[in-house]
Amino acid sequence: MADPPSFRRHPLPFSIDLVRWLPSSASSGRLLAAAVHDPSVPASSRLSLLPLHDPASPLASLPLPSRPTALRCSPSVLAAATSSGSLHLLSSSFDTDSAVSVPGGAGFHVGPVRGLDCGGEGWVTAGEDGRVHVVSDGGDGRVVARRVWDGKGMSGYGAARWASSAEFATGGAGCGVQWWDRRKGDAVVAQCKGVWGRGVATGMVHSIDIHPSRKHVCVVGGSSGTIFAWDLRWAQQPIPLSGVGLDETAQPLCESEVWEVLFDNYTQSSDIISSVSTRILPVMLCSEDGILAIVEQDERPLELLAEPCAINSFDIDPQNPSVSLSAPGWKQKVSFSFLYLL
């Protein structure tokens with residue numbers, strides 16, 4: 001990125017936990033989906049449709065039973081998961097009348113669902129309760145949740161990502177990163193503890209991304225500012241990209257939780273990289289200590305934004321190389337949020 005980034009800052013009268021770009025059309029213009037929660041207002045959790053030209057004025061909203069914990073968008077469906085273990089699906093055109101839900105409870109998830117992604121046979125969900133499900137279309141407007149794994153509370157999941165029609169990755173606390181192959185009996189076929197600073201054997205995974213052209217490579221963001229890549233071709237050799245205590249001579253990019261990581265397909269790498277290269281492509285991240293940045297293997301990190309509050313979510317527009325992110329704040333006990341557009 002040759003020139004310094006320029007952000008448009010939009011103060012909002014509500015607090016955003018998560019934000020995603022929605023597919024655009026000539027008639028609708030650019031739209032964002034936002035998971036909204038205001039702890040000062042009872043029953044305030046909702047999924048809102050925000051127009052790019054005026055994000056402070058939602059076009060539509062879908063009430064949620066509890067605080068949103070995960071948000072994903074496919075070309076046709078928008079999905080949100082909650083802290084009470086429920087999953088909510090509606091069309092990406094935000095037709096709230098077509099919304100369907102899987103309630104939280106013994107038959108699905110008990111507690112927050114942190115991992116959520118679309119691909120393969122449907123939606124994969126992974127929760128703090130140690131359960132993994134695949135949710136698919138059951139016909140007649142129904143959805144069916146099939147349990148893939150139940151850790152029975154021995155480990156908890158914080159992230160999930162499809163890699164192919166049959167493979168997906170999960171990560172969390174006490175289990176590192178796991179690679180699943182549904183062709184082999186819904187089994188974990190590879191596992192990585194990761195690379196954590198301060199002598200920690202394993203940390204908490206918050207986010208996973210898998211590059212669309214390199215299905216064998218995933219990047220992981222987690223606790224203590226940790227970011228590492230995992231290449232299945234060398235499954236026992238994760239590649240550290242950032243983290244506290246990983247390099248005694250370097251100042252870490254951030255020292256708190258890395259909430260989200262995404263491969264940045266628009267930043268030009270220092271090298272022209274072929275699909276068979278072992279070099280990791282640039283990665284964008286946001287953190288609890290207010291950092292939005294790009295990290296690249298063997299390069300100095302590029303800090304895009306530093307805020308006095310957490311940046312808990314961001315998304316890269318697949319139709320136009322721009323970024324949206326949310327940074328919550330507090331003022332006179334009233335929740336508010338800032339939406340930034342690059």
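How many bridges pair strand S7 (residues 77-82) with strand S8 (residues 87-91), and in which sense? The two strands pair in the antiparallel sense, over 5 bridges.

## About the model

This is a predicted model, where local features need pLDDT of at least 70, side-chain atom pairs count only at pLDDT 80 or more, and totals for chains, interfaces and linings use all residues. Residues are numbered from 1 along each chain as its sequence is written, and side-chain values use heavy atoms, with hydrogens and water left out.

## The open sheet

S7 and S8 belong to an open sheet of 4 strands, ordered S6-S7-S8-S9 with antiparallel pairing. Strands here are DSSP runs (E, at least two residues), numbered from the N terminus, and two of them pair if DSSP finds at least two bridges between them. At the edges stand S6 (68-73) and S9 (100-102), each with a single partner strand, so one side of each has no neighbour in the sheet. From one strand to the next, the twist averages 15°, taken between N-to-C directions of lines fitted to C-alpha atoms, on a scale from 0 to 180 degrees.

For a closer look at the pairing, find Ala79, which stands opposite Leu89 in S8.

## Aromatic rings

Next, the rings: the structure holds 4 aromatic pairs. Trp179 and Trp230 have ring centres 6.3 Å apart and planes at 80°, so they make an edge-to-face pair (centres within 6.5 Å; planes under 30 degrees apart are stacked, over 60 edge-to-face, the rest tilted; for Trp the six-membered ring is used). Trp179 lies in strand S16 (residues 177-181) and Trp230 in strand S20 (residues 227-231), 51 residues apart. Trp149, Trp162, Phe168 and Trp180 form one aromatic cluster.
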